[in-house]
Amino acid sequence: MRRIPRGRRTAIAATVLTLTLALASGGALANAAPDETEPTATTVRQYEVDGVATAVERTDLARTGTAIDEVRDSSVVITTDQAHAERLAELGYRLTALTAPSVRGDDFRIAAPEDYHTYAEALATVDQLEAGYPDLVSSQVIGESYEGRDIVAVKVSANVTVDEDEPEVLFTANQHAREHLTVEMALYTLGELTSQYGTDPEITALLDSREVWVIPTVNPDGKIYDQESGSFRSWRKNRQPNAGSSAIGTDLNRNWAYEWGCCGGSSSSPSSDTYRGSGPESGPETAVVADFVRGRVVGGEQQITAHIDFHTYGELVLWPYGYTYSDTAPGLTADDAAAFEALGTELADTNGYTPQQSSDLYITDGSINDWLWADQGIFSFTFEMYPTSQLGGGFYPPGSVIDRETSRNREAVLTLLDYADCAYRAAGLEAEYCAS
Ligand SMILES: [Zn+2]
């Protein structure tokens with residue numbers, strides 16, 4: 001795992017202080033570089049919105065096109081620009097601007113951009129693993145982002161060059177640009193599986209009997225835009241222009257082709273952080289990953305059985321459906337729901353996250369979890385990683401927590417791999433669904 005060289009700590013501290021001062025004086029994370037002239041760059045910051053306490057109330061707020069960062073007991077935290085904040089105030093919402101987390105001595109509460117692997121560094125790490133473990137690791141470019149960057153899938157398995165008849169598990173990260181900790185999670189997973197194969201009996205057995213796919217960044221354009229201008233921009237979407245609008249970007253996790261735009265869980269406005277795109281899979285990145293998943297149908301059977309999509313933040317384990325409050329719905333039986341809840345709860349028991357159906361938070365439509373389950377029959381979870389709160393650094397926790405917060409999910413990852421042969425086993429339903 002990457003460590004920050006000692007000599008850079010002072011520079012990082014200075015950067016954090018500058019950022020903190022900018023925030024305290026009314027600036028924001030989205031401040032562009034001095035030579036930045038892009039007209040669509042707007043200033044955003046986090047606000048607490050009071051009196052939003054139930055899933056229905058949160059969904060009502062989300063229907064205004066607001067992306068909800070954090071759910072509190074009787075409020076939520078959002079990131080938005082001043083214009084949208086004023087519009088929400090006109091609608092009667094009570095907003096309080098939040099200041100960024102402070103720096104306490106050597107205890108960094110927020111990150112500097114260099115705390116996280118860049119896109120190029122992430123791909124270089126993949127290349128190193130592939131070179132170091134040629135029998136275990138094989139990467140492939142599965143398509144390109146809007147701006148033409150490679151989207152890479154990494155396969156890890158014993159006899160990796162052979163497509164063996166083994167259950168497959170998919171891990172995806174970084175659909176949302178600013179959620180850099182999720183890329184670290186993907187790289188941690190790759191590093192752990194490779195370095196521990198042949199040493200750790202559990203990992204050895206799992207890689208002998210499973211095929212693992214990791215897509216370290218689904219949204220490279222967004223990641224670079226958020227990370228590589230000198231300060232974070234709190235960017236969420238991809239970087240695809242929208243016809244008839246100066247606003248950039250589609251929320252990839254509202255762009256999947258199941259019940260797309262059905263239920264008030266996404267926005268039709270290109271300026272919204274939850275813009276669902278012009279149609280299902282209109283985002284090139286969504287289409288690339290969806291095509292990859294469809295390509296794992298072999299002999300009429302989807303080989304991928306289980307999946308985690310890593311996000312930040314909130315420390316949650318979420319499962320489908322997101323588009324409806326109902327526990328069961330077309331394509332999701334009571335037994336399916338029981339398996340999701342049992343497995344999701346077991347995963348959460350390993351890392352201390354809170355397990356729940358996605359729509360317990362608020363309605364989302366066009367999410368990857370709903371599509372992977374309904375269209376492909378894959379037990380698909382979302383992990384919202386560290387922290388629980390904006391006070392812990394929000395989307396930008398410091399690099400000092402990366403090792404702790406990625407290894408925190410080690411057991412969950414291995415548990416999901418273990419259940420890849422029969423997720424229904426988590427609910428004691430293997431005789432009904434997995435007998436062969
Ligand atoms: Zn996210």
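Which residues coordinate the zinc ion? That was my opening question for this model, which is a predicted one.

**Entry 1: the metal site**

I went to the zinc ion and found His176 (ND1), His311 (ND1) and Glu179, which is listed with two OE donors. The coordinating distances run from 2.0 to 2.3 Å. I then looked at the sequence, where the donor residues follow the spacing H-x2-E-x131-H. Next I checked the angles: the four donor atoms subtend 57 to 146° around the zinc ion, so the arrangement comes out as irregular. For a tetrahedral label, every angle would have to lie between 85 and 135 degrees. I also looked up burial, and both His176 and Glu179 are buried.

**Entry 2: the sheet**

I traced an open sheet of eight strands with mixed pairing. I wrote its order down as β5-β6-β8-β7-β11-β14-β12-β13. Which strands stand at the edges? They are β5 (137–144) and β13 (354–357); each has a single partner strand, so one side of each lacks a neighbour in the sheet. Ignoring direction, neighbouring strands here are turned by 20° against each other on average.

I had a look at one end of the order. Strand β12 (residues 316–319) runs parallel to β13, and four bridges join the two. Val317 stands opposite Pro355 in β13.

Then I asked what helix α5 (residues 181–196) lies across. I noted β5, β6 (150–156), β7 (168–173), β8 (211–215), β11 (304–312) and β14 (379–385). The helix runs at about 135° to β11.

**Entry 3: aromatic rings**

How many aromatic pairs does the structure hold? I got 17. One of them is Trp213 with Phe292, an edge-to-face pair at 5.0 Å centre to centre with 75° between the planes. I placed Trp213 in strand β8 and Phe292 in helix α8 (residues 284–294), so to speak distant parts of the chain, 79 residues apart. Both Trp213 and Phe292 are buried.

Terms used. Residues numbered from 1 in each chain as written. Predicted model: local features only at pLDDT ≥ 70, side-chain atom pairs only at ≥ 80, totals over all residues. Heavy atoms only, no water. Pairing = 2+ DSSP bridges. Axes fitted to C-alpha atoms, helices over the stretch in contact; angles between N-to-C directions. Contact = heavy atoms within 4.5 Å. Donors = N, O, S within 2.8 Å, 3.2 Å for Na, K, Ca; no water. Tetrahedral: all angles 85-135°; square planar, octahedral: opposite > 155°, others 65-115°. Buried < 20%, exposed > 50% of the residue type's maximum accessible area, 1.4 Å probe, protein only. Phe/Tyr/Trp six-rings, centres within 6.5 Å; stacked < 30°, edge-to-face > 60°.
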